[in-house]
Amino acid sequence: MLKVDNLDTFYGELQVIRNISLTVETGDLVVMLGPNGHGKSTLLKAICGLIKPKAGKVEFGGEDVHSFSIEKIVEKGLVYIPEDRRLFPQMTIKENLLLGAYNPIARKEREKNLEFVYQLFPKLKKMYARTVATLSGGEARMVAVGRGLMASAKFLAIDEPSLGLAPNLRTELFDKIHQINKAGITVLLVEQCVTEVLDYADRVYVIEDGRIVYNGNKEEVLNDKDVKKALLGIE
Amino acid sequence: MFNQLISIFANGITISSTYAIVAIGLSLVYGVSKTFNYAYGSFATVGAYITWLLFSMFDWMNYPVAIMVMIPFMFLFGIAIEWLIPRPLRKNENWEITTVVATLGLGVLLANLVLFLFGPYTKALPELGGGTVSIGHVQLDWNRIVILILAILIVVGLKLFLKKTYIGMSMRAVAQDIEGARVVGMKINHIFALTFGISTVLAGLCGMLLGTIYFLTPSGGWEIFIKAFVIVALGGAGSIDGALYAAFILGITESFVQFTLGPIWVMPFWFIFLMAVLIFKPRGLLGIR
């Protein structure tokens, strides 16, 4: 579904992404691990067309992502959920969710998608009239993921959803993301070294200093003692 | 004495309501696209002269028809200007400064175009309603009452549009977080153009309403612009409610100052008011961030 080919990305003179290639199959939940400041977010933004790469190619459903405008990319179902959420603070939860369905395809499926989001996060349904600026970090995360789903996403690229969340909320959120994946939406998740997310992952990439230094499926990661210890700090 | 106070107050309210329309338009564009349109006063002049032209061309012309012609005309005019000036400039660095210079230049150009086409002599628009109405011992012009009613309709209509319609919601969304709007897949350029068009309509309507009270001159828009600018700064740039409150505070102040001290003291008083508020609230009354 998604294919990244020899991607190079710069911020000014600084090379952030160094010749990265990866693939995500339809229906998979892929996790990209790596320490802070090693290019994970940049890679995700480049994949979603928000940053133009210097070299290389991103293909989504066989089409070159960077030949389209961001509106068009979202319409095709490739949706980015930023780490800093970027919600509309002075509007209600429901308004934020409805605005997620901006593209013409999503607008037709608005009711259905809203139903799905409310079913996934019953709390949002209860609090639909609350202004987003008054929400806690965990609640705002839910709105951000919900708003992404409202775009009729086929592929969600989620940037560090667990950032700043308490461990129990983190587990809950990963569980929700797993449910989203089970509903047929492909997910690419960027995280720092978080062990609990591994339970749900079909494939794991590890990125360091702008390069992919490891890639394998869940069993491979868990069975490879060295990798497990080095990357995750667990025995 | 009491009756006099009432009529000064009533005049202040009508003037305020027209100021509210322009100031809201100026603030709306700033809020959504962070562009400050220095040609805005000249847009009001264009609106007023278009109305004058309609009345001088057709004997049967009336205000409902004039408004119906003016709204689409000003809207398309605004969209065209947005496409010609801020849009290409926004692609470059320092667009904040270049749009200031470019819109300032456009303002001068439009004022001189009006001078060239219509000549330097002042013109007057017919009143919206003739005669006066007496409430108790207070006499009010029908013209001003109609202005107030129209202004209320315009402001309420705009607020409902922003609050209730999907496109109005999208405009607020862009104003609140443009990155978020991009991520959601909004067509930011369309929303900028639409906002610019709507604000141009507001300028035109304000020019028309003020033209029923004051004479039209080609450079008259600059005074409207400076007033709108002060109102927006006082209310908080980007805030619609702020502009609304500030318009009434300053409009009523204007009416009282004009009566007690004379018209030349209006701007000094506005300035004092503005300074007093900005010292304590640097972002204006309801300024965001």
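In which helix of chain B is the place of Phe280(B)? Phe280(B) sits in helix H12, which covers residues 266-280 of chain B. Helices (H or I, at least four residues) and strands (E, at least two) are DSSP runs, numbered from the N terminus. Phe280(B) counts as exposed, at 70% relative accessibility. Here buried means under 20% relative accessible area, exposed over 50%, and partly exposed in between (1.4 Å probe, protein chains only). Ile191(B) is 89 residues from Phe280(B) along the chain, and the two C-alpha atoms are separated by 34 Å.

The model is predicted: local features need pLDDT of at least 70, side-chain atom pairs count only at pLDDT 80 or more, and totals for chains, interfaces and linings use all residues. Residues are numbered from 1 along each chain as its sequence is written, chains are lettered from A and ligands numbered from 1 in the order in which they are written, and side-chain values use heavy atoms, with hydrogens and water left out.

Chain A has ten helices and ten strands. Its radius of gyration is 17 Å, close to the 18 Å that the globule rule gives for 235 residues, so chain A is as compact as a globular protein of that length. This radius is taken over C-alpha atoms, and the rule is 2.2 Å times the number of residues to the power 0.38. The C-alpha trace of chain A spans about 50 × 40 × 30 Å along its principal axes. Of the 235 residues in chain A, 52% are buried. Among contacts (heavy atoms within 4.5 Å) in chain A with a separation of 6 or more, 67% join residues 24 or more positions apart.

Chain B has twelve helices and two strands. From the N terminus on, its elements run α-α-α-α-α-β-β-α-α-α-α-α-α-α. A compact globule of 289 residues would have a radius of gyration near 19 Å, and the 19 Å of chain B agrees. The C-alpha trace of chain B spans about 60 × 50 × 35 Å along its principal axes. Buried residues make up 52% of the 289 in chain B. Residues 24 or more positions apart account for 75% of the chain B contacts with a separation of 6 or more.

Surface areas were computed next. Accessible areas come from the Shrake-Rupley method with a 1.4 Å probe; for residues, only the protein chains shown count as cover. Chain A has an accessible surface of about 10300 Å², and 47% of it belongs to carbon and sulfur atoms. Chain B exposes about 13500 Å², with 72% supplied by carbon and sulfur atoms.

The largest nonpolar core holds 166 residues. Such a core is a set of buried Ala, Val, Leu, Ile, Met, Phe, Trp, Tyr and Cys residues joined through side-chain atoms within 4.5 Å. Leu2(A), Leu22(A), Leu43(A), Leu156(A), Phe43(B) and Met186(B) touch the most other members. Helix H9 (residues 188-211) of chain B gives the most to this core, with 14 residues. Beyond its neighbours within four places in sequence, Leu2(A) is in contact with several residues, including Leu22(A), Ile47(A), Val58(A) and Phe155(A).

Backbone angles complete the picture. Most residues other than glycine have a negative phi. Asn19(A) is not a glycine, yet has a positive phi of about 50°. Asn19(A) belongs to strand S2 (residues 14-24) of chain A and is partly exposed, with a relative accessible area of 47%. Lys34(B), also not a glycine, has a positive phi of about 55°. Lys34(B) lies in the loop between helix H1 (2-33) and helix H2 (40-57) of chain B. Lys34(B) is partly exposed at 37% relative accessibility.
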